[in-house]
Amino acid sequence: MADGKPRRGRPAGGKPVLTGERIVAEALVMVEQEGLDAVTMRGLARRLGVDAMSLYHHIDNRETLLNRIAELVLAGIDLPPATGVFRDDVHAMAQAFRRVALRHPHCAPLVLTRQLGSFAALAPVEAVLSILRDAGFPPGSAVHATRSVLAFVIGSLLREVSAGPTFSGDDLGGVERRLAELRASSLPHVVEAAPDLAVCEHEAEFEFGLDLLIVALERQLQRR
């Protein structure tokens, strides 16, 4: 493109052919580099060096694009093989979700908050259901347990990629001022826990919550 303007039609010699897969892959990179709000069809077209209208031959609209980004991230989950040990299998599956979310932190809220029905999106659900059914949960209970596992994982990961400690430990002056205010309040347990609230060890907290969930599921199995 000698004039630097987006090109309509076929790409110039040596340029990759425009495909849906290429568009979605570039959109994922765009989200990670510029944030979700920056992703528009026009902005994406500029990154690809094409006219915006050419994207619509492959992607219906922005909502479809966002769904495709989420599906691409989900397809990157390295689903661990089942070992037959319930605790280990649930733990490994939850950690597989966490790894892919941390690999794409800006895409994670998109992935974790959209309801997708593609095979790529349902594969992790199938994997969790398989673990629970093999452990002895009947179909209905396996669905309830799957939703509990996914709710914990989604909530924990959304907090991990987008939130910090209750009191930021980086601003020591701000922490002290906040503590002084709290000591004058009727929140004694918050004051007592303030040193811990100023720290956010995401991995340790994820493991703590996951262990509680697994113990609860194991107790459900023992009652059967």
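Analyst: The protein has 11 helices and 0 strands, where helices (H or I, at least four residues) and strands (E, at least two) are DSSP runs numbered from the N terminus. This is a predicted model, in which local features need pLDDT of at least 70 and side-chain atom pairs count only at pLDDT 80 or more, while totals for chains, interfaces and linings use all residues. Residues are numbered from 1 along each chain as its sequence is written, and side-chain values use heavy atoms, with hydrogens and water left out.

Rolling a probe the size of a water molecule over the atoms shows where empty space is left. A pocket, on a 1 Å grid over the protein atoms alone, is an open set of points where a 1.4 Å probe fits, with protein on both sides within 12 Å along at least five of seven lines, and lining residues have an atom within 4 Å of a point. The largest pocket has a volume of about 500 Å³, a volume being the space filled by probe spheres set on the points, which are joined across faces, edges and corners. Its lining comprises 18 residues, of which Arg114, Ala121, Val125, Leu150 and Ile154 are the closest to its centre. Two or more lining residues come from each of helix 6 (108–113), helix 7 (119–135) and helix 8 (139–162). By residue class, the lining of the largest pocket divides into 13 nonpolar, 3 polar and 2 charged; here Ala, Val, Leu, Ile, Met, Phe, Trp, Tyr, Cys and Pro count as nonpolar, Asp, Glu, Lys and Arg as charged, and the others, Gly among them, as polar.

Histidine 104 is buried, because its relative accessible area is 17% and buried means under 20% (1.4 Å probe, protein chains only). Beyond residues up to four places away in sequence, histidine 104 touches Leu28, Glu32 and Val73, contact meaning heavy atoms within 4.5 Å.

Phenylalanine 86 lies in helix 5 and counts as buried at 12% relative accessibility. Leaving aside neighbours within four places in sequence, its contacts include Ile131, Leu132 and Ala135, and also Ile214. Phenylalanine 86 and isoleucine 214 are 128 residues apart in sequence, yet their C-alpha atoms are 8.7 Å apart in space.

Across the protein, buried residues make up 35% of the 224 residues. Among contacts between residues at least 6 apart in sequence, 69% join residues at least 24 apart.

Technical notes:
Buried means under 20% relative accessible area, exposed over 50%, partly exposed in between (1.4 Å probe, protein chains only).
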